[in-house]
Amino acid sequence: MNSLRLVFWETTAGCNLECIHCRRLDVAKELMQSDLGTEEAFGLIDAVAEVGRPILILSGGEPLIRPDIFEIARHGRDVGLPVALATNGTLIDREIAEKIASSGIRRVAISLDGARAETHDGFRKLPGSFRAAVEGYEHVKRVGVSLQINCTIARHNADELEDLFNLSEGMGADALHLFMLVPVGCGVEIAEEQMLRPEKYEELLEWFYDRSRNTKMETKATCAPHYYRIMRQRAKEQGVAVKRKAHGMDAVTRGCLAGSAVCFISHEGKVFPCGYLPVEAGDIRKQPFAEVWSASPVFEALRDTANLKGKCGICEYRNVCAGCRARAYYETGDYLEEEPYCVYVPAKAHKGS
């Protein structure tokens, strides 16, 4: 129970892009003085390995601006952690791709925020970033490392998802992960303009379920916990088994895993339930990671779905969904409140009306 499956580490807050949906407001174009140093990074990896064998996702910012990123990846590999790299892809050339492969990184996730260059480039605020990301993808593909495409769904690209799915298949991606926009960091500033209506998200997640039944790619909806309710509803209707895999790069378990199977570590060493929920659970510069993971009051609260409020608290799907705790926090200031972007009405709510 509450076994650690994924650790997202923001290796640096620095990035070469200025994406309008970034979880950060203070993105710099270079490494930050407050970033964990190389030896601190090794210590963090050792501490994570003492807790379990989760997938370690090296993210940012843009992790490839760290000159020691491949030393860090090798250290993770050497202590037995599966290591993945989350990047915008624009800095990957042939040499970098070869370093990715030799460092032991098992998967590279590259973000495409639309099926067309103008859509992606507008969101990323850099002309040519779509082309550069695709070229980076091709370099990684040539060296044989597994590839994943990430896409954040918002108003600017909602009508391109079928094209993006086809593009991902055509590029030979191993996985496609769709993310629902979370209003945090820069996402707060664009929430009113870019957040889709809850009904539209439901429609797109239904489409994603249907589309995912007929592809060889691994598919996952992230920051969209109600997708796991939809999976069960649709599987029941169709008389098929629910896809479930507890471990590995393509694990499919339940909705919100913040604090129960997932945590996020900032570039300064602060620990959060996920990268989108700005409620600090601990600080590895002040206390052992194992202590944070096992005893943080924030994590303890998130691990018991009996603590959920509103319709999430009475929902028959609460243990497979749990609602997005980050969107609840954005909407109400309470991360245990109900998910504001879910249209489902629990059976108990019907009975009580």
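Is Q148 buried or exposed? Q148 is buried, because its relative accessible area is 9%, where buried means under 20% relative accessible area, exposed means over 50%, and partly exposed lies in between (1.4 Å probe, protein chains only).

**Before you start**

This is a predicted model, in which local features need pLDDT of at least 70 and side-chain atom pairs count only at pLDDT 80 or more, while totals for chains, interfaces and linings use all residues. Residues are numbered from 1 along each chain as its sequence is written, and side-chain values use heavy atoms, with hydrogens and water left out.

**The whole chain**

Show the protein chain as a cartoon, where there are 14 helices and 10 strands; helices (H or I, at least four residues) and strands (E, at least two) are DSSP runs, numbered from the N terminus. Of the 353 residues in the protein chain, 59% are buried. Among the contacts with a separation of 6 or more, 71% come from residues 24 or more positions apart, contact meaning heavy atoms within 4.5 Å.

**Strand β5**

Select Q148, which is found in strand β5, and then N150 in that strand, which spans residues 146-153. N150 counts as buried, at 11% relative accessibility. The side chains of N150 and Q148 are joined by a polar contact of 2.8 Å, and the side chain of Q148 also makes a polar contact of 3.1 Å with the side chain of H177. A polar contact is a pair of N or O atoms within 3.5 Å; within protein, one must be able to donate a hydrogen and the other to accept it, and residues adjacent in sequence count only if both atoms are side-chain atoms. Now display the surroundings, leaving aside neighbours within four places in sequence: N150 is in contact with A109, I110, S111, L112, H177 and F179, whereas Q148 is in contact with R107, V108, A109, I110, A175 and H177.

**Aromatic rings**

Next, colour the aromatic side chains, among which the structure holds nine aromatic pairs. Rings of Phe, Tyr and Trp (its six-membered ring) pair if their centres lie within 6.5 Å, and planes under 30 degrees apart count as stacked, over 60 as edge-to-face and the rest as tilted. Select F208 and Y227, whose ring centres are 5.6 Å apart with planes at 45°, so the pair is tilted. This pair links distant parts of the chain, with F208 in helix α8 (residues 198-212) and Y227 in helix α9 (residues 226-238), 19 residues apart. F208 is buried at 0% relative accessibility, and Y227 is buried with a relative accessible area of 5%. Move on to F264 and F272, whose ring centres are 6.5 Å apart and whose planes are at 50°, so this pair is tilted.

Then select R303 and W293: the charged end of R303 sits over the ring of W293, 4.4 Å from its centre. A charge sits over a ring if NZ of Lys or CZ of Arg is within 6 Å of the ring centre and within 35 degrees of the ring normal.

**Cysteines**

Finish with the cysteines, where a search of the whole structure finds zero disulfides, a disulfide being a pair of cysteine sulfur atoms within 2.5 Å. C324 is in no disulfide, and the nearest cysteine sulfur, that of C223, is 5.8 Å away. For C342, likewise in no disulfide, the nearest cysteine sulfur is that of C321, 5.9 Å away. C324 counts as buried at 6% relative accessibility, and C342 counts as buried at 15%.
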